[in-house]
Each structure stands twice: as structure tokens, then as C-alpha cells.
Amino acid sequence: MEVCYQLPVLPLDRPVPKHVLSRRGAISFSSSSSLFGAPDPRQLAQRRGAISYDSSDQTALYIRMLGDVRVRSQVGFEPERRGSHPYLGVDFRTLHSRAESAGSIPARRIRRLFSFQRHLLSSRFLRGAPHLNPLHILDEDYCGQAKCMLEKVGSWNFDIFLFDRLTNGNSLVTLTLYLLSHYGLIELFQLDMVKVHRFLVLVQEDYHNHNPYHNAVHAADVTQAMHCYLKEPKLAKSLTSCDILLGLLAAATHDLDHPGVNQPFLIKTNHYLAALYRNTSVLENHHWRSAVGLLRETELFSHLPAEDSLNMERQLGSLILATDISRQNEYLSKFRTHLDQEDLCLGNASHRHFILQMALKCADICNPCRPWELSKQWSEKVTEEFFRQGDIEKKHKLEVSPLCDSETNSIADVQIGFMTYVVEPLFAEWARFSDTRLSQTMLGHLCLNKASWNAMQPEASGSSEELESEQEASSRALPQGSPQS
């Protein structure tokens with residue numbers, strides 16, 4: 001909670017005016033906005049999606065997400081606005097996508113039909129409903145394998161890449177829906193299953209699949225890791241049902257609508273999100289507000305008292321904001337102080353919330369603690385995303401962000417520095433808090449993975465002291481959105 005009030009927070013408790021709800025607009029601002037300029041009124045009716053900024057209240061942010069998921073994934077942010085970097089009218093949703101030929105359209109439609117059919121089947125077995133058509137043997141087989149995997153969802157060796165293939169790209173929806181049911185949260189909070197399913201589908205659609213790393217599979221992986229931590233003895237006997245619900249929702253939405261570039265990139269290109277959030281936790285604020293927008297659009301908590309619903313939104317924001325990697329040392333220092341003084345009391349609501357924040361931080365950057373076969377894939381994906389950003393910065397003659405230059409960094413360099421200065425300190429303290437078999441397993445994988453990356457480094461790579469110095473500097477300026485954000 002305290003994180004919310006330390007950052008520039010825009011009020012969420014104001015009703016959305018009808019004229020704002022009627023807009024279809026990526027991110028649109030009022031005509032009186034001197035900073036961003038006015039959108040063409042003729043374009044307002046054509047835009048689809050996310051955020052409107054009302055002229056009558058320049059402190060309130062209204063989020064409006066449309067429900068047609070078939071169109072949502074194809075629509076981008078509005079291009080360059082007044083005050084943006086002169087070279088960059090960047091549509092982040094299509095930043096890395098490749099143009100498809102006209103001949104590929106029928107194939108895409110066919111795949112979509114199969115995807116929808118398989119998604120319906122996976123939804124049925126989660127509800128325990130019988131399959132209506134037994135002739136779809138392939139889909140039955142896939143659903144059966146996915147169901148078998150879900151029975152072992154608490155295993156640290158859970159292969160989220162395989163699970164995503166078995167669910168035909170619906171890993172986040174399927175996994176989160178299963179966990180909500182597993183914990184009995186749907187019945188306990190009297191959640192409407194239709195609303196829950198629609199909310200999760202919209203969340204999954206708002207992750208950009210063309211991002212190598214920050215996509216729906218990463219969100220599903222973090223949600224599965226969060227489930228593993230929630231099962232740890234200290235947490236399992238202390239957390240309330242509300243804590244568990246918030247933890248799962250925060251994990252599923254913590255990188256929602258991530259553009260595939262980090263905060264320094266948004267700031268140095270004068271992106272409107274950076275201006276909107278005053279260059280402070282830009283991406284995390286956007287993830288949170290986007291999640292709140294979907295909660296309100298689907299009316300998932302509309303049956304709860306207004307005060308309870310707002311409190312849930314604020315606590316969700318506090319958890320997501322805690323994933324800001326630039327505040328890593330702040331949270332780690334506080335965690336270490338609590339452990340040194342042995343004053344953590346999980347009967348205290350604020351202490352439980354802090355532990356949830358630390359659990360989400362661990363889940364967000366746990367890739368180096370996974371078995372090598374999984375960890376290596378994640379390392380390659382996040383480094384690819386870094387290097388893509390570096391290529392864009394070079395193309396537009398911008399200063400290349402740390403760890404984003406493919407000519408001076410290798411995957412091994414990036415991972416060893418990240419493990420040494422970010423992951424090891426955090427998971428060492430988590431093991432002090434929760435000294436369990438899982439904690440020791442994670443530290444064991446971390447040690448083995450670090451050794452594997454060290455073995456891949458070329459022997460004649462220059463002075464080791466120089467390399468360590470560069471890695472330490474990089475870790476201080478770690479891009480927001482590494483496995484890390």
C-alpha cells in the first residue's frame with residue numbers, strides 16, 4: 001500500500017463520463033491539453049482501445065478497453081504526438097511484427113478456428129463439462145495432456161512452453177482459471193464465471209505475442225511461480241483468500257500491454273506514457289492502469305461493495321509497482337532489515353502484503369532459478385528483446401541502453417551480471433525467510449546455470465576485472481522490463 005502513495009497516483013474512484021466511454025481511442029487527450037495537442041475529432045470514432053484523458057479533470061485517467069478480442073491484437077498505439085522524439089512515431093504493437101502476404105490470410109483464419117475450438121474444449125474440461133463432439137481426437141488428446149500437466153502445476157520443473165503448445169497459445173487463460181478454481185476463489189468471492197473468463201481472455205490478448213520475452217507466456221510462467229510460493233508453509237498458513245486472489249491477479253497482469261522496450265527508452269524518446277507518469281515507474285503504472293481498466297470493463301468485482309473494489313485495485317497496484325527493477329535495492333534492503341530484526345509478523349496485514357510483494361518480485365525474475373532447459377530459453381528470449389531495442393536505438397542514432405548492444409554484449413555476459421547482482425541477493429534473502437526444499441532447489445539451479453553460462457564465455461574476452469566492472473554498472477542501470485520487469 002505504501003508504494004501507491006509514494007508515487008504519482010491518478011485517482012481511480014471517479015465515474016467515467018459517457019462521452020469518454022463512447023470514444024474509441026488508443027490514448028486520446030482533450031483539446032485543452034497544451035502538452036499533447038488535440039486529436040482530430042474525425043479520428044475518435046475510428047480508434048479502438050485503451051486510454052482516454054478527459055478535459056474536465058486533468059488528474060484523472062480513464063481506461064476503456066473494447067471487448068472484441070479478434071480486433072484488439074491487431075491495433076496499435078496512436079503514432080507520434082507533439083513533443084515526441086522527431087524520429088520515432090513508434091507503433092510498439094507492430095514494432096517487431098513482420099508483414100504477412102495476402103496469401104497467408106486464409107491460413108491464419110483456419111488456425112484461428114482451430115485455436116478457438118481447442119480453447120472451448122480446454123474451457124470445458126476446466127469446468128468438468130463433457131465434450132460435445134468426441135470426433136475431435138487431436139483436440140481431445142491435447143486437452144488430456146494439458147489436464148495432466150495441470151495436476152502437477154505446483155512443480156518447479158513445470159514446462160510452461162510445452163503447456164502453452166498444448167493449450168494452443170492459451171496458457172495464461174487456462175492456468176489462471178485453473179488456479180482460481182483450485183483455491184476456491186471463484187465460489188468464495190462469488191465471481192461470475194463468464195466475467196472471469198472474459199477478463200482473462202482480454203488480459204491474454206493485451207500481451208503482445210511479437211515480444212520475444214514480455215508476452216502472455218511470461219505472464220503464465222510468473223503466475224505458476226507465484227502459485228509455488230503461495231504453497232510454501234509460511235505463506236500457506238498465513239495468507240488470506242483475498243491475499244491469494246490479489247497475488248494471482250497481480251502475477252497474471254504484472255506486465256500487461258508491455259511494449260517490448262524499457263523505461264529509459266520511453267523517457268529519452270519523450271513518449272507520452274513517460275510524460276503521463278512523470279518518468280516514474282512508467283511501465284508498472286501502465287500495467288496497473290491497464291489491469292484496472294479490464295477489471296472495470298468486465299465488471300469482475302461489480303458485485304462487491306465499492307470501497308472493497310477500490311481497495312482491491314489499490315492493493316493490486318501496490319503489488320505490480322513493486323516489480324519496478326529500478327527500486328530493487330529499496331525493497332531488498334527493507335526485506336533484509338525485517339529478517340535481521342526478526343520482526344515479520346504474518347498476522348499483520350501490512351507485513352503479509354509486503355511478503356506478497358517480495359514473492360511477486362521473486363516470481364518475476366525466477367527464470368535463472370529454473371532447470372537449465374527452461375532457464376536457457378528464457379535467457380535467449382529476454383536477450384533477443386534487449387538487442388532488438390538496441391538495434392532500434394542505433395537506427396535512430398540514440399544512445400544504446402545498457403545490455404542492449406549486441407556487438408558488445410553476449411547472452412552469457414548479460415545473464416552472469418544479472419544473476420550476480422540482482423537474482424542471487426534476492427533469492428538468498430528469500431531462502432532466509434522461507435528455508436524450504438523449494439528455496440534450496442532454486443539456489444541450486446541458479447548456481448548450476450551460472451556455471452553453465454560461465455563455461456560458454458570465450459577465454460580471451462579481455463580482463464576479468466573489466467568484465468566484472470561492466471556487469472556491475474549494467475546491473476545498476478538494468479533496463480526495466482528485463483526478466484526483471
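What follows is a short exchange about confidence and salt bridges.

Mentor: This is a predicted model, in which local features need pLDDT of at least 70 and side-chain atom pairs count only at pLDDT 80 or more, while totals for chains, interfaces and linings use all residues. Residues are numbered from 1 along each chain as its sequence is written, and side-chain values use heavy atoms, with hydrogens and water left out.

Trainee: What is the mean pLDDT of the chain?

Mentor: pLDDT is the predictor's confidence in each residue, from 0 to 100. Of the residues in the chain, 65% reach 70 or more, whereas over residues 460-464 the pLDDT is below 50. Where pLDDT is low, the predicted coordinates should not be read in detail. The mean for the chain is 78.

Trainee: Which residue forms a salt bridge with Lys 376?

Mentor: A salt bridge is a side-chain nitrogen of Lys or Arg within 4 Å of a carboxyl oxygen of Asp or Glu, and here the closest N and O atoms are 2.6 Å apart. Both partners lie in helix H20 (residues 372-395), 4 residues apart, about one turn of the helix, where helices are DSSP runs of H or I with at least four residues, numbered from the N terminus. The partner of Lys 376 is Glu 380.

Trainee: Is Arg 327 buried or exposed?

Mentor: Buried means under 20% relative accessible area, exposed over 50%, and partly exposed in between, with a 1.4 Å probe and protein chains only. Arg 327 meets Glu 330 in a salt bridge (2.6 Å, N to O), and Glu 330 is partly exposed at 41%. Because its relative accessibility is 11%, Arg 327 counts as buried.

Note on methods
Contact = heavy atoms within 4.5 Å. Helix = DSSP H or I, 4+ residues; strand = E, 2+ residues; numbered from the N terminus.
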